[in-house]
Amino acid sequence: MAYKIAVIPGDGVGPEVIREGLKVLNAVSNVTGIDFDFIHYDFGGERYLRTGETLPDSALLELKEMDAIYLGAVGHPDIKPGILEHGILLKIRFGLDLYINLRPVKLYPGVWTPLKDKGPEDIDFVVVRENTEDAYVGIGGFFKKGTPDEVAIQQMVYTRKGTERCIRYAFELARRRNKKKKVTLCDKSNVLTYGHDLWQRVFAEVGEEYPDIQKDHAYVDAVTMWMVKNPEWFDVIVTTNMFGDIITDLGAIIQGGMGIAASGNINPKGVSMFEPIHGSAPKYAGKNVVCPLAAISAAGLMLQHLGDIASGEERERLYKGAALIDRAIEKAFSLGYIRSLQAGECPPTSDTGDLIARFVEEDDRCVKGF
Ligand code: IPM
Ligand code: MN
């Protein structure tokens with residue numbers, strides 16, 4: 001059976017990093033026999049400018065029939081911010097109920113980090129970001145817009161169900177990772193005394209079902225400080241949508257930069273979407289200068305996730321695919337092929353894709369019977 005993967009390269013550098021990701025997935029396919037059927041969609045800024053369409057409802061229905069979605073980036077300099085974000089990215093996250101945004105923060109050996117005296121053993125945690133609620137729901141409005149008396153309201157929404165499923169996922173993940181076995185709740189319950197009170201109560205309640213997992217709490221402002229000063233304290237951080245958005249850009253830079261930060265938008269019982277978190281970066285578009293490792297790593301997360309929801313031999317094959325990608329990235333660093341993840345300083349986009357694809361293919365020859 002071939003895995004049906006919807007590919008949405010999107011805007012800016014999206015198409016060039018996705019191209020490299022597909023190269024690597026094809027290499028994985030050659031080595032493991034996993035079969036992919038890539039279905040390409042042209043949603044993004046160019047299509048919007050041409051047709052006025054972001055993501056039609058019919059496309060959302062089609063996406064529901066896929067095994068996974070592989071997204072580049074959306075965002076276009078000629079389009080008012082918000083249109084593509086809401087019309088495409090958030091429409092998919094909400095429409096497919098992708099309630100977890102999984103964002104690993106892992107420093108590979110040999111990669112530069114701005115944190116002095118910290119290494120790969122210190123920077124290895126995962127942010128579980130709630131992905132369908134909070135200020136992202138788009139509820140609000142204006143009153144007396146454009147006048148000196150203007151009022152603007154933007155609601156933050158938290159539900160018991162949304163909070164609980166996210167927190168439960170975080171505890172399960174801490175168990176599965178089997179590392180520090182610790183979940184840190186990151187909130188602002190000292191100020192958001194309704195919404196984040198709900199998070200506090202659900203965390204305590206769900207946490208009781210996980211006596212083997214250590215419970216920890218930090219306010220979001222303090223989390224930004226600890227992520228810099230003591231990143232080794234973290235294993236799994238669970239947090240709300242907007243705080244998760246903010247702290248994962250910080251997470252990206254401590255793992256070397258946006259060039260490697262990947263994410264999974266996950267519905268454990270549905271169709272999930274995988275993307276680099278760097279966005280469309282229009283000023284670098286079409287120049288072959290950005291690092292595609294974030295997109296490549298997102299492809300690895302996709303295989304890992306497909307493995308999680310598969311069983312038996314098929315699961316092993318998918319896990320093997322994910323491990324091949326991870327090891328190829330690690331090898332590229334440890335052999336010194338890639339020294340920087342910053343645009344313009346890293347090797348050309350297509351060279352990195354070729355290299356990782358080659359390492360994936362060579363790996364199997366070294367470890368027959370993996
Ligand atoms: C991200 C992005 C999006 C978000 C934007 C583009 C809507 O910043 O995936 O982190 O805020 O979730
Ligand atoms: Mn973001």
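**Ligand site and sheet of the predicted model**

The model is predicted, with local features requiring pLDDT of at least 70, side-chain atom pairs counted only at pLDDT 80 or more, and totals for chains, interfaces and linings using all residues. Residues are numbered from 1 along each chain as its sequence is written, ligands are numbered from 1 in the order in which they are written, and side-chain values use heavy atoms, with hydrogens and water left out.

Polar contacts are pairs of N or O atoms within 3.5 Å. An oxygen atom of ligand 1 lies 2.6 Å from a polar side-chain atom of Tyr136. For Arg103, the distance from a polar side-chain atom to a ligand oxygen atom is 2.8 Å; for Arg129, an N or O atom of the side chain is 2.8 Å from an oxygen atom of the ligand. Of the 320 Å² of accessible area that ligand 1 has on its own, the protein covers 77% (Shrake-Rupley method, 1.4 Å probe).

Ten strands make up an open sheet of mixed pairing, ordered β2-β1-β3-β12-β11-β4-β5-β10-β8-β9 (strands are DSSP runs of E, at least two residues, numbered from the N terminus; two strands pair if DSSP finds at least two bridges between them). The edge strands, β2 (35–40) and β9 (214–219), each pair on one side only. Strands β3 (residues 68–73) and β12 (residues 272–276) run parallel and are joined by three bridges. Within β12, Met273 is the bridge partner of Ile69.

Terms used:
Helix = DSSP H or I, 4+ residues; strand = E, 2+ residues; numbered from the N terminus. Polar contact = N/O pair within 3.5 Å; in protein donor to acceptor, adjacent residues only side chain to side chain.
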